[in-house]
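Subject: Structure handover

Hi,

Here is the structure I promised you. My notes follow below it.

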Amino acid sequence: MSTAISIIIPTYNERDNIIALVKRIAQALSNYEYEIVFIDDNSSDGTAELAESLSPKYPVKVIVRKNKRGLASAVVDGLGYVESEVIGVMDADLQHPPEVIPYLVKELVSGADVAIASRYVKGGGCQGWGLIRRIISRGAIFLAHLLLPSTRKVKDPASGFFILNRRVVANAKLRPTGYKILLEILMEGEFQNVAEVGYIFTTRSKGESKLNARQQIDYLKHIYSLMRRTGELLRFIKFCLVGISGILVNMGLLWLLTEVAGLFYLLSAAISIETSVVSNFVLNDFFTFPDRRLPGSKSFFSRLVKYNLVCVAGLGVNMGVLWLLTDVFGIYYLIANLCGIAAATLWNYTLSTWWAWK
Ligand code: GDD
Ligand code: MN
């Protein structure tokens, strides 16, 4: 009873959804104290006026932004207008069923800092989505998981439907681009426990989606901006620098062992390859992943073994791409090898962050 909840709802031309939305929220939250804060970007269809007209009967506030556009930035601005300790965010178009909100609140009450309505946990899904849309959505989330490792514990970091405790965002510098406000909060907010509640993202029955190619590009820009701000870009650059140092170690030692020590060149190569893998490992452990290093010699060796296996497979990737581009596509072998190195670097990085330095 009486947990106060503020629900922020960004709107752009959602007139036909507003009444049903407010009624369903009122129904779903009849046991709670709540307010609904619409952040409308000066819709031309009278969304703001209609929402405002509901305010005598329902706890509705309407903020109109005259000079800005954007879902995520509307939510950030909305944070400045809400009063409760518990803050929710959802869409206006009823694709996010308001009936899910009490389940999210329950998760908060039982200790979560952020509770996400999720399409990708048990009980979740998307109504009426074709294969292409599914692939794009999954691909977008895969990219976030790959490039922003701390989002990996969340199955649906692209959800636009969630609630959180105010303290999660109280000191966060939120600078999102585009649609994905949750991604921004997961990267910049302060929290311990995240819960996900399955829900079905229903089809839109009224009005039109504002999602277009522009938002897809904004999504990539947003991920890049988060990578820069959170140091993940720097980490990838360090990983590449270590890789380059490994090439120098490998070549230098190969020359030394063959020319100076007089070993058979293939034996020299085996020794220098393994030495460069080990030197890469040590450098990455201290320089690239200092925050993921678990103390203790046992875990040091398990990381070393994992990294070694990753590199062996990476060698396979390199040679596979080299062969494919040279033999099958007829590309000059030195150019093909550059592509092979690039592919192997991506492979090594992905597996290193996913496994060796989890
Ligand atoms: N203020 C404001 N400004 N609101 C906007 C803008 C804008 O520029 N663009 C869209 N909105 C509002 C819409 O009016 C709607 O309430 C909500 O944001 C979602 O917009 P849609 O265009 O319907 O987005 P979608 O259905 O493709 O995607 C939504 O659902 C996904 C799944 O949960 C978004 O919330 C995504 O972030 C989310 O991943
Ligand atoms: Mn929608």
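Which residues of α7 are buried? They are Ile 181, Leu 182, Leu 183, Glu 184, Ile 185, Leu 186 and Met 187. Buried here means under 20% relative accessible area, exposed over 50%, and partly exposed in between (1.4 Å probe, protein chains only). Helices (H or I, at least four residues) and strands (E, at least two) are DSSP runs, numbered from the N terminus.

Some ground rules. This is a predicted model: local features need pLDDT of at least 70, side-chain atom pairs count only at pLDDT 80 or more, and totals for chains, interfaces and linings use all residues. Residues are numbered from 1 along each chain as its sequence is written, chains are lettered from A and ligands numbered from 1 in the order in which they are written, and side-chain values use heavy atoms, with hydrogens and water left out.

Ligand 1 next. The shell around ligand 1 holds 26 residues; Glu 14, Asp 41, Ala 158, Lys 180 and Lys 210 come nearest. A residue counts as near if one of its heavy atoms lies within 4 Å. The shell divides into 11 nonpolar, 6 polar and 9 charged residues. Nonpolar covers Ala, Val, Leu, Ile, Met, Phe, Trp, Tyr, Cys and Pro; charged covers Asp, Glu, Lys and Arg; the others, Gly among them, are polar. Strand β1 and helix α3 (71-79) each supply at least two shell residues.

An oxygen atom of ligand 1 is 2.9 Å from an N or O atom in the side chain of Tyr 179. A nitrogen atom of ligand 1 sits 3.2 Å from a polar backbone atom of Thr 11. Taken alone, ligand 1 exposes 740 Å², and the protein buries 97% of that (Shrake-Rupley method, 1.4 Å probe; for residues, only the protein chains shown count as cover).

Thr 11 lies in strand β1 (residues 4-11). Thr 11 is buried, with a relative accessible area of 5%. Its side chain makes a polar contact with the side chain of Asp 40 (2.8 Å). A polar contact is a pair of N or O atoms within 3.5 Å; within protein, one must be able to donate a hydrogen and the other to accept it, and residues adjacent in sequence count only if both atoms are side-chain atoms.

Last, the manganese ion (ligand 2). Its protein donors are Asp 93 (OD) and Gln 95 (OE1), at 1.9 to 2.0 Å. Donors are N, O and S atoms within 2.8 Å of the metal (3.2 Å for Na, K and Ca); water is not among the atoms, so sites may look incomplete. Both Asp 93 and Gln 95 are buried.

Best wishes
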